[in-house]
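Student: I have a chain to read and have not seen it before. Could you take me through its features one at a time?

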Amino acid sequence: MVSVPARAGFVHVLRSVAASVAARLDFPYDDIDDLRLAVDEACAQLLTVGSDDSALILRMTPTEEGLELVAAIDVGGVDWPPPGAEESLPWRLMSALADAAGFEQGADGPAIHLTKRYPRSTETVDEDSVPSR
């Protein structure tokens, strides 16, 4: 878990941490960049309901299938997700960049759950068809 002040100037920290974790998990470069942008959009969406004394929180959980991320902001008493959020540009970007995305109300407050799966190889090799040396 990483927590930073809920200000736009600190979002780069969460982007960098998410990218570093994905790189350590051997995600391809394009997927790392997609994840970095998805985290950026999630934080931008969350900052719309934050206050100066709130914090952005990023939780990351590696799984057998990939990486689960939950970005949250520690504020209470807000309408979440905001009306029309699923038609917004940030939501469309997050949905396109992550394999799964969803709004949730977590223990830390309003949250966005992102899933990035390991890429599956589309290439299969029939060992009987490979010439021996």
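Student: In which element is L89 found?

Tutor: This is a predicted model, and in it L89 is found in helix α3.

Student: Is L89 buried or exposed?

Tutor: Relative accessible area decides that, and over 50% counts as exposed. L89 has a relative accessible area of 60%, so it is exposed.

Student: Which residues of α3 are buried?

Tutor: Helix α3 covers residues 89-97, and its buried residues are W91, M94 and L97. Seen down the axis of α3, they fall within an arc of 140 degrees, so they line one face of the helix.

Student: Why do residues a few places apart point the same way in a helix?

Tutor: An α-helix has 3.6 residues a turn, so residues three or four places apart point the same way.

Student: What does the other face of α3 carry, the one turned away from its buried side?

Tutor: That face carries the exposed residues L89, R92 and A96.

Student: Against which elements do the buried residues of α3 pack?

Tutor: They pack against α2 (29-47), β4 (100-106) and β5 (109-117).

Student: Now sequence distance and space. How far apart are L89 and Q45?

Tutor: The two are 44 residues apart in sequence, and their C-alpha atoms are 9.9 Å apart in space. Q45 is found in helix α2.

Student: Is Q45 buried or exposed?

Tutor: The cut-off for buried is under 20% relative accessible area. Q45 is at 8%, so it counts as buried. Leaving aside neighbours within four places in sequence, Q45 is in contact with W80, P82, A85, S88, P90, F103 and I112.

Student: How do α1 and α2 pack?

Tutor: For a pair of helices, look at the angle and the distance between the axes. Helix α1 (residues 11-24) and α2 pack at an angle of about 150 degrees, with axes 9 Å apart. Angles over 145 degrees count as roughly antiparallel, and α1 and α2 are therefore roughly antiparallel to each other. Their crossing is right-handed.

Student: Which residues of α1 and α2 meet?

Tutor: From α1 come V11, L14, R15, A18, A19, A22 and A23, and from α2 come I32, L35, R36, V39, D40, C43 and L47. By class, this contact of α1 with α2 has 11 nonpolar, no polar and three charged residues.

Student: Where does Y118 lie?

Tutor: Y118 lies in the segment after β5. With a relative accessible area of 26%, Y118 is partly exposed.

Student: Which residues is Y118 in contact with, leaving aside its neighbours within four places in sequence?

Tutor: Y118 is in contact with L25, F27, T63, E64, E65 and G66. Of these, take T63: Y118 and T63 are 55 residues apart along the chain, and their C-alpha atoms are separated by 9.6 Å.

Student: How many helices and strands does the chain have?

Tutor: The secondary structure comes to three helices and five strands. From the N terminus on, the elements run β-α-α-β-β-α-β-β.

Student: What can be said of the chain as a whole?

Tutor: Buried residues make up 37% of the 133 residues in the chain. The C-alpha atoms fill a box of roughly 65 × 25 × 25 Å, taken along the principal axes. Among contacts between residues at least 6 apart in sequence, 65% join residues at least 24 apart.

Conventions:
Residues are numbered from 1 along each chain as its sequence is written. This is a predicted model: local features need pLDDT of at least 70, side-chain atom pairs count only at pLDDT 80 or more; totals for chains, interfaces and linings use all residues. Side-chain values use heavy atoms; hydrogens and water are left out. Buried means under 20% relative accessible area, exposed over 50%, partly exposed in between (1.4 Å probe, protein chains only). Helices (H or I, at least four residues) and strands (E, at least two) are DSSP runs, numbered from the N terminus. The arc is that of the directions from the helix axis to the C-beta atoms. Contact means heavy atoms within 4.5 Å. Axes are lines fitted to C-alpha atoms, for helices over the stretch in contact, and angles run from 0 to 180 degrees between N-to-C directions. Angles under 35 degrees count as roughly parallel, over 145 as roughly antiparallel, 65 to 115 as roughly perpendicular and the rest as oblique. A crossing is left-handed if the near helix is turned anticlockwise from the far one by less than a right angle, and right-handed if clockwise. Ala, Val, Leu, Ile, Met, Phe, Trp, Tyr, Cys and Pro count as nonpolar, Asp, Glu, Lys and Arg as charged, and the others, Gly among them, as polar.
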